[in-house]
Amino acid sequence: MVPGLNSAVLRLQEKGLELEEWEKASSLTDVEGFWPGKLNGEDAGFEFSIDEVDDDDLEAWDVEQSQLEGRDLMMELCYYTEMDLAAAVLFISFICESCNGITFDENDELTVTAANSKQWREALLGQIL
């Protein structure tokens with residue numbers, strides 16, 4: 001289950017990420033497009049979309065169905081700068097931890113889960129910030 005929008009925003013604020021315009025949506029499933037914000041006072045944001053998982057996505061990403069067992073939503077994030085990447089990493093690691101989600105880091109050929117997302121997040125943010 002996707003976490004509530006208010007709890008997501010509050011948890012991310014604790015990490016230094018202030019997302020703008022979140023008040024316009026009633027849930028994370030209502031958010032789509034560029035989500036601007038600030039990370040530690042610097043501009044940072046990401047493109048965000050959420051949709052149901054479908055077979056075409058699984059084939060395109062070479063994902064095994066067994067990895068998605070019990071999961072029916074997927075989120076895509078796109079970023080442009082290193083600060084955007086940092087914001088996206090904070091966001092998606094929070095989602096993974098909150099709802100036992102998974103994400104795929106194609107650069108490291110790593111499947112990120114609730115169990116290893118904190119370590120993944122800290123390693124990436126250590127390189128960026």
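**View 1. Glutamate 97 and arginine 11 meet through their side chains in a salt bridge.** The N to O distance is 3.8 Å. This is a predicted model. Glutamate 97 lies in helix H3 and arginine 11 in helix H1 (residues 5-14), so the bridge ties together parts that are 86 residues apart in sequence. Glutamate 97 is partly exposed, with a relative accessible area of 29%. Arginine 11 is also partly exposed, at 34%.

**View 2. Arginine 121 forms a salt bridge with glutamate 97.** The closest N and O atoms are 2.8 Å apart. The pair links distant parts of the chain, with arginine 121 in helix H4 and glutamate 97 in helix H3, 24 residues apart. Helix H4 covers residues 117-128. Is arginine 121 buried or exposed? Arginine 121 has 6% relative accessibility and so counts as buried, because buried means under 20% relative accessible area. Which residues does arginine 121 touch, leaving aside its neighbours within four places in sequence? The contacts are Lys15, Val89, Leu90, Ser93 and Glu97.

**View 3. Arg11, Glu97 and Arg121 are linked in a network of salt bridges.** Side chains of opposite charge can pair when their charged atoms come close. Here glutamate 97 meets arginine 11 at 3.8 Å and arginine 121 at 2.8 Å. The structure holds three salt bridges.

**View 4. Lysine 38 and aspartate 43 meet in a salt bridge.** The N to O distance between these side chains is 2.4 Å. Lysine 38 counts as partly exposed, at 33% relative accessibility. Aspartate 43 has 56% relative accessibility and counts as exposed.

**View 5. Asparagine 40 has a positive phi.** The value is near 50°, in a residue other than glycine. Asparagine 40 sits in the loop between strand E3 (37-39) and strand E4 (42-43). At 54% relative accessibility, asparagine 40 counts as exposed, because exposed means over 50%.

**View 6. Asparagine 100 also has a positive phi.** Its phi is near 55°, and the residue is again not a glycine. Where is asparagine 100 placed? Asparagine 100 is in the loop between helix H3 (82-99) and strand E7 (102-105).

**View 7. Acidic residues form a negative surface patch.** Its members are Glu32, Asp51, Glu52, Asp54, Asp56, Asp72 and Glu76. Aspartate 51 lies in strand E5 (residues 46-52).

Terms used
Residues are numbered from 1 along each chain as its sequence is written. This is a predicted model: local features need pLDDT of at least 70, side-chain atom pairs count only at pLDDT 80 or more; totals for chains, interfaces and linings use all residues. Side-chain values use heavy atoms; hydrogens and water are left out. Patches are made of residues with over 30% relative accessible area and no salt bridge: like charges are joined within 9 Å, nonpolar side chains (Val, Leu, Ile, Met, Phe, Trp, Tyr) within 5 Å. Accessible areas come from the Shrake-Rupley method with a 1.4 Å probe; for residues, only the protein chains shown count as cover. A salt bridge is a side-chain nitrogen of Lys or Arg within 4 Å of a carboxyl oxygen of Asp or Glu. Lys and Arg count as positive and Asp and Glu as negative; His and the chain ends are not counted. The place of a charge is taken as NZ of Lys, CZ of Arg, CG of Asp or CD of Glu. Helices (H or I, at least four residues) and strands (E, at least two) are DSSP runs, numbered from the N terminus. Buried means under 20% relative accessible area, exposed over 50%, partly exposed in between (1.4 Å probe, protein chains only). Contact means heavy atoms within 4.5 Å.
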